[in-house]
Amino acid sequence: MEPLSIVVVDDDPDAAEALCRLLGSLGSSCRVAHGGEEAVALLSRAQFDLVISDSRMPGVDGLSLCRAIRTRDDPYVYFILVTADDDRAHLLEAMRSGADDYLTKPIDPETLCARLLCAERVIRLHRTLRARNRQLRHDSERNFQVARVDALTGARNRRALAEDVQAKRAGVIRYGSPCAVAMCDLDHFKEYNDALGHLAGDEALKRVVRVTQAQLRAGDALYRFGGEEFVVLLQHQNLLSARAAMERVRRAVAHSAPSDAEKITISVGLAELRADDADDEVALGRADSALYRAKLGGRNRIET
């Protein structure tokens with residue numbers, strides 16, 4: 001373990017310097033704060049492992065300093081209070097306020113060494129717990145994202161769609177901000193798979209996602225709804241502007257195939273999220289009905 005970084009707090013400069021020299025001889029790095037106020041300022045600027053503070057100081061005394069440290073959300077700071085031998089009542093109050101250990105004056109070097117060994121074990125434990133908590137948060141965030149992404153295409157999935165539709169509709173209700181939903185379906189996809197194989201079908205799905213995402217704005221989002229169906233949420237867009245955006249997508253998809261045999265098109269149904277919808281699914285139903293009309297109308301087209 002790296003040497004402990006320590007703040008010695010004492011309004012007596014000679015006593016503080018003497019303790020720092022002793023700590024240095026034991027392999028620790030040390031800073032001096034000449035009183036509780038200076039210690040609070042120092043701890044707000046930098047992180048330290050351990051504070052060794054005199055109990056009796058004008059202004060912010062050792063007890064007040066300990067309480068101030070314990071209100072912080074920063075990594076845990078081990079706190080040792082230095083007391084006079086006859087100051088037992090004050091010591092007990094300090095321990096109840098969050099002090100970890102104590103030393104009595106005059107400070108014995110061997111006793112100090114023993115206290116530092118105890119502090120080191122506790123500090124090591126807190127470092128380990130912090131590292132594990134960081135990893136758990138990272139894993140949790142990663143799992144949260146993975147659970148909302150379609151494994152094949154990299155588009156968001158239906159779970160993410162349900163959450164985002166709810167959030168976008170809340171914006172429509174509260175702020176009147178428009179949001180359009182586009183239901184998209186790859187035309188004649190079964191025939192495509194039958195002719196070229198399912199691996200080629202998978203590549204077509206991934207290609208459509210890449211092309212679609214390249215045409216969308218940063219605030220828009222693409223979801224795989226299931227099979228060869230996709231949904232696009234077009235934030236801050238009404239039906240007119242959403243139609244123009246999806247027309248760019250439709251054309252880009254139609255021209256994206258590397259060969260005529262691999263050409264594929266999409267049909268699109270458009271609807272708007274409405275504040276007076278009975279629930280979040282109603283707009284998806286309207287978009288699906290519009291998609292059905294697009295297919296009946298000859299496919300590779302957009303209907304509202």
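Gln215 is found in helix 8. Before we look around it, keep in mind that this is a predicted model. Gln215 is partly exposed, with 30% of relative accessible area. Leaving aside residues up to four places away in sequence, Gln215 touches Arg248, Val249 and Ala252. Take Arg248 from that list: it sits 33 residues from Gln215 along the chain, yet the two C-alpha atoms are separated by 6.9 Å.

Stay in that part of the chain for a moment and look at helix 9, which covers residues 239-254. Here the side chains of Arg250 and Glu247 meet in a salt bridge, at 2.6 Å from N to O. The two residues are three apart in helix 9, which puts about one helical turn between them. How accessible are the partners? Arg250 counts as buried, at 14% relative accessibility, while Glu247 is partly exposed at 21%.

In what order do the five strands of the open sheet run? They go 2-1-3-4-5, and the pairing is parallel. Strand 2 (29-33) and strand 5 (101-104) are the edges, each pairing on one side only. On average, neighbouring strands of this sheet are turned by 20 degrees against each other, direction ignored. For a look at one pairing, take strand 1 (residues 5-9), which pairs with strand 2 in the parallel sense over five bridges. Val9, for instance, has Ala33 in strand 2 as its bridge partner. Over at strands 4 and 5, helix 4 (residues 88-96) lies across both of them, and it runs at about 170 degrees to strand 4 (78-83).

The side chains of Asp49 and Arg127 meet at 3.0 Å, N to O. Where do these two residues sit? Asp49 is in the loop between helix 2 (36-45) and strand 3 (50-54), and Arg127 is in helix 5 (residues 109-146), so the pair links distant parts of the chain, 78 residues apart. Asp49 is buried, with a relative accessible area of 12%; Arg127 counts as partly exposed at 25%.

How many salt bridges are there in total? The count comes to 19. One of them joins Arg286 and Asp277, whose closest N and O atoms are 2.9 Å apart. Asp277 is buried, with a relative accessible area of 8%. There is a network to look at as well: salt bridges link Asp185, Asp187 and Lys295.

Note on methods
Residues numbered from 1 in each chain as written. Predicted model: local features only at pLDDT ≥ 70, side-chain atom pairs only at ≥ 80, totals over all residues. Heavy atoms only, no water. Pairing = 2+ DSSP bridges. Helix = DSSP H or I, 4+ residues; strand = E, 2+ residues; numbered from the N terminus. Axes fitted to C-alpha atoms, helices over the stretch in contact; angles between N-to-C directions. Contact = heavy atoms within 4.5 Å. Salt bridge = Lys/Arg side-chain N within 4 Å of Asp/Glu carboxyl O. Buried < 20%, exposed > 50% of the residue type's maximum accessible area, 1.4 Å probe, protein only.
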